[in-house]
Amino acid sequence: MIPDYIKRLRDLREDNDKTQKEIADILGTSQTMYARYERGANELPVRHLITLCKYYKVTPDYILGFSKHI
């Protein structure tokens, strides 16, 4: 089973019509590393979680799957 946060990372990106490269640039990382976050191969660093929450205007609880509400 895919953890909620992995699915939500991809869904948020796709819902905002962004590429992995565009989000990687926002995070200051490579597209390859960001793809690894979306696959669950690497854990998302807290600093990136914070940046994504601000960018998408969602709570950490939403991305992490503790809340179903944005």
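Buried is defined as under 20% relative accessible area, exposed as over 50%, and partly exposed as in between (1.4 Å probe, protein chains only). The model is predicted: local features need pLDDT of at least 70, side-chain atom pairs count only at pLDDT 80 or more, and totals for chains, interfaces and linings use all residues. Residues are numbered from 1 along each chain as its sequence is written, and side-chain values use heavy atoms, with hydrogens and water left out.

A search of the whole structure returned 4 salt bridges, each a side-chain nitrogen of Lys or Arg within 4 Å of a carboxyl oxygen of Asp or Glu. One of them pairs K7 with D11. Their closest N and O atoms are 2.6 Å apart. Both residues lie in helix 1 (residues 4–15); helices are DSSP runs (H or I, at least four residues), numbered from the N terminus. K7 and D11 are 4 residues apart, about one turn of the helix. K7 is partly exposed because its relative accessibility is 41%. D11, at 24%, is also partly exposed.

Helix 2 (residues 20–27) holds both K21 and D25. These residues form a salt bridge, with 2.7 Å between the closest N and O atoms. The spacing is 4 residues, about one turn of the helix. K21 has a relative accessible area of 44%, so K21 is partly exposed. D25 is partly exposed at 44%. Elsewhere, salt bridges that share partners join R13, E14 and E38 into one network.

R13 is buried because its relative accessibility is 9%. E14 is partly exposed at 42%.

How values were computed: Helices (H or I, at least four residues) and strands (E, at least two) are DSSP runs, numbered from the N terminus.
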